[in-house]
Amino acid sequence: MNKCINSGMMLLILLYPLLAMANDTLFSPTTKNMTGEWGGVRTELRNRGYNFTLEYGSMTATNISGGYDRDKTLRYSDQYIIGVDMDLEKVFGIRDGEFKASVNNRNGRDLTQDRLQDPRASVIGSGVQSNYGRGQTLHATQFWFKKSWWDKKLDIKVGLMPQGEDFDNSGCYFQNLSLCGSLAGHGSGVWYNTPIGQWGTRIKYSPEPALYVQAGAFQYNPNYATRHGSFELDGTGHLGYMYLLELGYLPTFGAAKLPGVWKIGGWYNTADANDVLDDDNGDPYVLTHQAARRHGGRYGGYLYVGQQVTQTNSSRENGLSLFGHLAMNDKNTATMDYQVQIGAIYKGPFLSRPQDFISFGVSKMHANERVARRAELLNQMRGIVDYDNPLYVPVRKSEYAAELHYSFRFTPWLTVRPNIQLLAHPGGIEEIKDAWVVGNQVTIKF
């Protein structure tokens, strides 16, 4: 509760100068931002090329049945995003140039860790509050420059950015983390999504509007994901490099030319990594007591297909869209070797509410069988067969997550998204009863 109060006080401090400048557009149901145009100041800044962002997002989750700890409770987490997006043509005369900087602050507690999963096993890529994690602290997320050429067929982006901002990016419509954002960032251990930035560059070429190829090269620096290292942006903690390649196709479907996004990609990380099971001789290191085999890198790939298949009479953008998503990780080094998700999003379900949408998604997270084998060997070696024994090492298989939500867009700046979630075999542990969770997500653009 104290953290919630502190978050609210921080929000008021941040908003005070904006509220002081706000005019009669404050809390307007039609303006893009809650604080309006700051008495015309925001409009003038935007006309000069400066677009400032202050966004607040909160998530609550309550376990109503099942899970590792059946004691019911409510957990709250939030994040603030503060940033600026600069049109460099307006500011400095750099044609088709853009600069963006942002920081992200996260607070709160996570129901998944506190109630749903076995504390003897780490979370493998799911979470009922997707804005929790990567340290409840302030992160430098974006500090990049982008320039386009040849009628925007070619663009290069350089600076600090999350890899999932451009690669395997499918957006985030769900509160459950397993259905949100880049899947490649969930189980690989080396791919970073928001709010963690990494220094690097991305080059993208679109020979025609419906086709693109992009490649990226980033430092791999896990220090940036820690509380103390988030702003040590001088390369301290740099362990290797991350290389990415993605091919994308943007088809149109049917006579209505409904939009779609199809993409396939792969990545390679150069940092050394421990084998999850074997030593240098190919024997399980939990039995030989030798050091784990070291691999000179790790790799993975992904496939995403999203397609709008119907439209409503009120808008071409509204209607039913379907999606499928697969991510695969190196079995030698990853705790989760693959994840797959499918789902549907229906925008504009009612004529009176064209900006609302309803979504349903299902995800499977498969624990690496070699990690499960390591746990089995540890239990056998200790002579433990009882799951309730505190020294038992959970044997993980697959976790299934599902979410159904309705997104109310009350104004352009306020969205409320109540949801219900199901976690079958939380953490991939079949001894844990399936968990039902009721949640709610609020987003406010100030």
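The views show a predicted model, in which local features need pLDDT of at least 70, side-chain atom pairs count only at pLDDT 80 or more, and totals for chains, interfaces and linings use all residues. Residues are numbered from 1 along each chain as its sequence is written, and side-chain values use heavy atoms, with hydrogens and water left out.

**View A. The second largest pocket and its lining.** Two or more lining residues come from each of strands E10 (258-269), E13 (298-308), E14 (319-329) and E15 (336-347). Strands (E, at least two residues) and helices (H or I, at least four) are DSSP runs, numbered from the N terminus.

**View B. The disulfide of Cys 172 and Cys 180.** One disulfide (a pair of cysteine sulfur atoms within 2.5 Å) is found in a search of the whole structure. The sulfur atoms of Cys 172 and Cys 180 are 1.8 Å apart. The S-S torsion is about -115 degrees, so the disulfide is left-handed. Cys 172 is partly exposed at 36% relative accessible area, whereas Cys 180 is buried at 10%. Buried means under 20%, exposed over 50%, and partly exposed in between (1.4 Å probe, protein chains only).

**View C. Strand E19 and its partners.** Strands pair if DSSP finds at least two bridges between them. E19 (residues 435-445) pairs with E1 (residues 50-65) in the antiparallel sense over ten bridges, and Gly 57 has Thr 443 as its bridge partner. E18 (residues 414-424) and E19 also pair in the antiparallel sense over ten bridges, with Leu 422 opposite Trp 436.

**View D. The surroundings of Thr 31.** Thr 31 lies in the loop between helix H1 (2-21) and helix H2 (41-47) and is buried, at 14% relative accessibility. Its side chain reaches the backbone oxygen of Ser 28 at 3.5 Å, and a polar atom of that side chain lies 3.0 Å from the backbone oxygen of Asn 33. Beyond neighbours within four places in sequence, Thr 31 is in contact (heavy atoms within 4.5 Å) with Thr 25, Gly 36, Pro 412 and Trp 413.

Notes:
A polar contact is a pair of N or O atoms within 3.5 Å; within protein, one must be able to donate a hydrogen and the other to accept it, and residues adjacent in sequence count only if both atoms are side-chain atoms.
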